[in-house]
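I opened the model to look up a few side chains and the strands around them. My entries follow in the order I made them.

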Amino acid sequence: MPHAKIKMLYPVESENLYFEDDLIKISFVFYENKIYYELENKVSSELQINWHNATFTYSSGKTTYLACFSPDDVYYYTCYNPFYVSNILPYGKVKTYMIPYDLLEYEYDSYLGSYYSIEGEIYSEFKRGIYNVGIKIPVYIKDSAKTVSYNFMFRIEVM
């Protein structure tokens with residue numbers, strides 16, 4: 001994999017890929033074909049993320065939804081049980097990773113059973129240069145029945 005420098009451009013500029021407001025704290029780490037994140041709920045209401053409504057946008061403008069997995073649910077390039085909805089308890093914290101859905105291939109093996117293999121990398125379409133990618137995560141606040149959509153923009157500079 002080429003060396004890449006990644007910077008959050010929006011909603012704030014951040015070299016360490018960190019954002020915080022009154023509702024959440026979130027930080028990201030890009031690694032080959034996964035985007036690890038840690039999200040902390042800062043309020044007394046449970047939060048929910050419906051991953052079918054979360055999207056990844058490539059620099060080309062192509063969009064795909066995001067699949068989310070537990071950090072324990074990976075063995076090399078396979079993963080098994082995506083979260084369709086993530087629940088974050090009041091003042092709770094989750095550490096998981098997401099993968100653009102178009103990098104996943106559903107497979108079946110008589111030994112492994114059903115699983116997803118991870119094909120390709122987030123930067124695979126990139127050559128040296130600077131590219132912008134986006135992540136949209138809708139956060140549903142249970143007590144107020146309100147959704148806040150977070151749109152994150154990152155610059156990836158491939159060396």
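Entry 1, threonine 96. With which side chain does the side chain of threonine 96 make a polar contact? I found the side chain of tyrosine 37, at 2.8 Å. A polar contact here is a pair of N or O atoms within 3.5 Å; within protein, one must be able to donate a hydrogen and the other to accept it, and residues adjacent in sequence count only if both atoms are side-chain atoms.

I noted the ground rules before going on. This is a predicted model, where local features need pLDDT of at least 70 and side-chain atom pairs count only at pLDDT 80 or more, while totals for chains, interfaces and linings use all residues. Residues are numbered from 1 along each chain as its sequence is written, and side-chain values use heavy atoms, with hydrogens and water left out.

I placed threonine 96 in strand S10, residues 93-100. Strands are DSSP runs of E with at least two residues, and they are numbered from the N terminus. The scale is buried under 20% relative accessible area, exposed over 50% and partly exposed in between, with a 1.4 Å probe and protein chains only. Leaving out residues up to four places away in sequence, threonine 96 touches Ile35, Tyr36, Tyr37, Cys68, Phe69, Ser70, Pro71 and Phe83. A contact means heavy atoms within 4.5 Å.

Entry 2, strand S10. I counted S10 as largely enclosed by the rest of the structure, because 6 of its 8 residues are buried. Which strands pair with S10? Strand S4 (residues 34-41) is joined to S10 by 6 bridges and runs antiparallel to it. Strand S7 (residues 63-69) is also antiparallel to S10, with 4 bridges. Two strands pair if DSSP finds at least two bridges between them. I looked up a partner on each side: isoleucine 35 is bridged to methionine 98 in S10, and alanine 67 stands opposite isoleucine 99 in S10.

The whole structure gives 9 salt bridges, each a side-chain nitrogen of Lys or Arg within 4 Å of a carboxyl oxygen of Asp or Glu. Glutamate 38 and lysine 93 meet in one of them, at 3.5 Å from N to O. Glutamate 38 lies in S4 and lysine 93 in S10, so this pair ties together parts that are 55 residues apart in sequence. Salt bridges that share partners join Glu38, Glu40, Lys93 and Lys95 into one network. I listed glutamate 38 as partly exposed, at 25% relative accessible area.

I then checked glutamate 20, which forms a salt bridge with lysine 42, the closest N and O atoms being 2.8 Å apart. Glutamate 20 is in strand S2 (residues 18-20) and lysine 42 is in the loop between S4 and strand S5 (47-50), so the pair ties together parts 22 residues apart in sequence. Glutamate 20 is partly exposed at 35%, and lysine 42 is partly exposed at 26%.

Is lysine 7 buried or exposed? At 14% relative accessibility lysine 7 counts as buried. It belongs to strand S1, residues 4-10. Its side chain makes a polar contact with the side chain of glutamate 13 at 2.9 Å. Lysine 7 also forms a salt bridge with glutamate 15, the closest N and O atoms being 3.7 Å apart. Glutamate 15 counts as exposed, at 61%.

Rings of Phe, Tyr and Trp (its six-membered ring) pair if their centres lie within 6.5 Å; planes under 30 degrees apart count as stacked, over 60 as edge-to-face and the rest as tilted. Phenylalanine 28 is in strand S3 (residues 24-31) and phenylalanine 154 in strand S14 (residues 146-158), 126 residues apart. Both are buried. Ring pairs link Phe19, Phe28, Phe30, Tyr150, Phe152 and Phe154 into a cluster.
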